[in-house]
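The following exercises concern a single protein chain. Each task is followed by a solution in steps.

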Amino acid sequence: MSLSIINGLKRCRTQVALGVVCLVLAVMPAWAQNAINILEAGAPVSGVLGPASTATTYVFDAGANSSVTVSLSNVTGGTLALLISDINGNTIAQAADTANAGAFTASDVLLRNGGRYNVFVYFAAGGGAPDTTFEIRLELAAGDDAEGAEQAAPASAEPQLILLGAGIEARLNWNGAADLNLEVRDPTGEALHWNSRTTTNGGVFGFDANGLCQVISGSPEESAIWQPGFLSTGSYEVIVYYEQACDTLTGTVPFQIEVFVDGASAGRLDALLSPGGAAGKNVYVTRFEIMADGSAALSRGGPYPDSSLTLLPTGIDFGSVAATPLARDVPVLGRISNVEPFLVYSFSGGADELITLNMEAVGANLDTLLQIVDPAGKVVNVNDDAFGGTTDSAIVNARLLSTGRYTVIATRYAKEIGGTEGQFQITLSGPSSDVAGQATDLDLPQGDIEVSLYWSTSADLQLLVRDPAGQSVFDDSPLVASGGILQEVGNVNCIPAATGTPVSYIYWPLGAMRPGTYEVEVWYQNACSDLPPPVDFTLLIEVNGNLVADAREFPLIGQRYVTNFTVTPAGEVIVGEAGYIDAGSATLAYQSEAFDAPPIASGQSVTGVISAENTFDVYQFDGVAGESVTISMSAATQTLDTNLYLISPGNQQIAANDDADPVLLGAAGRKTDSLISGYVLRENGPYTIIATRFANQYGGTLGVYSLTLRKN
């Protein structure tokens, strides 16, 4: 079922193709958001349109099988048109002043369903937008259900109430010394959790078990309870958060959710939840629904980590789905439900075009989520919560990187396993008026973190930023779960930038910044048509609107320039060292530590921590010429990208490895683990092992590692 008010336009194109006269003459322009007026039968209403307000909206209520006539008269100024739709945006009828008579009518329109209807008045194609006055009149002939307007609730109406003598309870139990949190969102949009303990409809949250790991319970339990009385039917969303483990032994935690409605169990589910670590919190999402007769059922949910934001809804098939076209500045209505958890829209865009998408919930409890898929089928933009204090979504001033058909997925938090429902309005427009001042010339979007790379030649320089979760934003990965977006790609693959001056730009939108360490890399990949190299570039890093790093460098082909910065939970920014990583171990001042480095024996494994304060560790062993040594270094926790060096008795680097062959690493190895395999020693004496990270002191990855030495 289409939920778009512009489906009438699509039908219009079909009718024209069939030789039928069609009265919708143009895509409707945006109507004023507050210009919604009530029409009553027999009571004419005056209206005004003009350049600043090119359309307006009226609503009326009608019973099932009613007949309605809407007339526009005394039109002075431009050429007008009107469209009648139901509350879901399905077009019922349309008309236009094709004869420029100053009056026209949509006559005897049959309304089969009772409920609320919309009338849109707007300028027709070619009519311009001069100051125009008119009078609109509604005539309504009641059908066989004259009270249908009151009996049939519109899609955006509040949930129905039902008397539940024993109330509602959602209960969470788990095993283990961990701080798990329960949240339940009801159909009215209110929520119960540890920091929201009551609702206006009688909801009460119980004890915060293991809260902040201060008091550990042997049998932790949390509950959200709605007291007996008239309570809402509909969909209730249940979220379980894994906040933190309360000791070093606790990892994955088994838990149970059980829901009781009016004293009867609506279902129970058993599941597992693991700590999220540096990648963010892990959560589990499910829902239960209360029907009009008081029956209820708990659904089987699933985990929903931060990385799920960039995943498309399960079951989506772009080959068969019917996408509703979006026109610029024309708001479109839709509805998300448990039966239909996502809707698909499309628009045509050009390379370097700036677009803005807004998805706003209309009533009920919908928590919106927006995704944009580029012509190649890749998710390139995502937004969950656009602004503080709201769950509406917006993708603001996004630059399109290619020309073609873009797909928009309008969905909700947790997509198919989520539980919020309701009507929404989605609007596609051009750039907003608050484009960042420092990026005005390039129309670059504003963000909490902005990393800009500028140069003036045809060379291909790659900009990469790795976030605290270890995910990297660059040419091949323009979007990561933490919110980082590659907005400009410079001369990627030696294709000249459309703007003439190459710029690469990576940013985290407003509200998307996560505390932690970020790694920034500039890689001179290809001289392209430049003669001769090198080039010079300027790297700017801005956090919260403040310039924290400004570097101008002259790299050679193949060189990589790396730096890092850390954002503390309090918002303080600490900028790390910066430099070229091509010199290997020579960038590290390890010699003084090598004199008293701890020994490591063959077959021994040691552990250590790479941090902002400790960027490398040094170990020593005695070697004999002809011996074969294998040294492995693997990350045990967090985001560490390991790096190994082997130094000879003469203080020369003789072997190194950053990323080892995954086959040699075995099943337990990660592709960023390191391995120096089967190196044959050439002299007797003390050898030094340096355990560090990618880019050495300039890098930004952190974590615990395990290092093992084996001799043959």
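**Exercise 1. State what share of the contacts between residues at least 6 apart in sequence joins residues at least 24 apart.**

Solution. Contact means heavy atoms within 4.5 Å. Among contacts in the chain between residues at least 6 apart in sequence, the share that joins residues at least 24 apart is 73%. The model is predicted: local features need pLDDT of at least 70, side-chain atom pairs count only at pLDDT 80 or more, and totals for chains, interfaces and linings use all residues. Residues are numbered from 1 along each chain as its sequence is written, and side-chain values use heavy atoms, with hydrogens and water left out.

**Exercise 2. Describe the pairing and the burial of strand β28.**

Solution. Step 1: strands are DSSP runs (E, at least two residues), numbered from the N terminus; two of them pair if DSSP finds at least two bridges between them. Step 2: β27 (residues 368-373) and β28 run antiparallel and are joined by four bridges, with I372 opposite N381. Step 3: five residues separate the two strands of this hairpin, and G377 in the turn has a positive phi of about 90°. Step 4: buried means under 20% relative accessible area, exposed over 50%, and partly exposed in between (1.4 Å probe, protein chains only). Five of the five residues of β28 (residues 379-383) are buried, so the strand is largely enclosed by the rest of the structure.

**Exercise 3. Is T688 buried or exposed, and which residues does T688 contact?**

Solution. Step 1: T688 belongs to strand β48 (residues 685-693). Step 2: its relative accessibility is 5%, so T688 counts as buried. Step 3: leaving aside neighbours within four places in sequence, its contacts include A594, V618, Y645 and I647. Step 4: Q620 is also a contact of T688, and the two side chains make a polar contact at 3.4 Å (a pair of N or O atoms within 3.5 Å; within protein, one must be able to donate a hydrogen and the other to accept it, and residues adjacent in sequence count only if both atoms are side-chain atoms).
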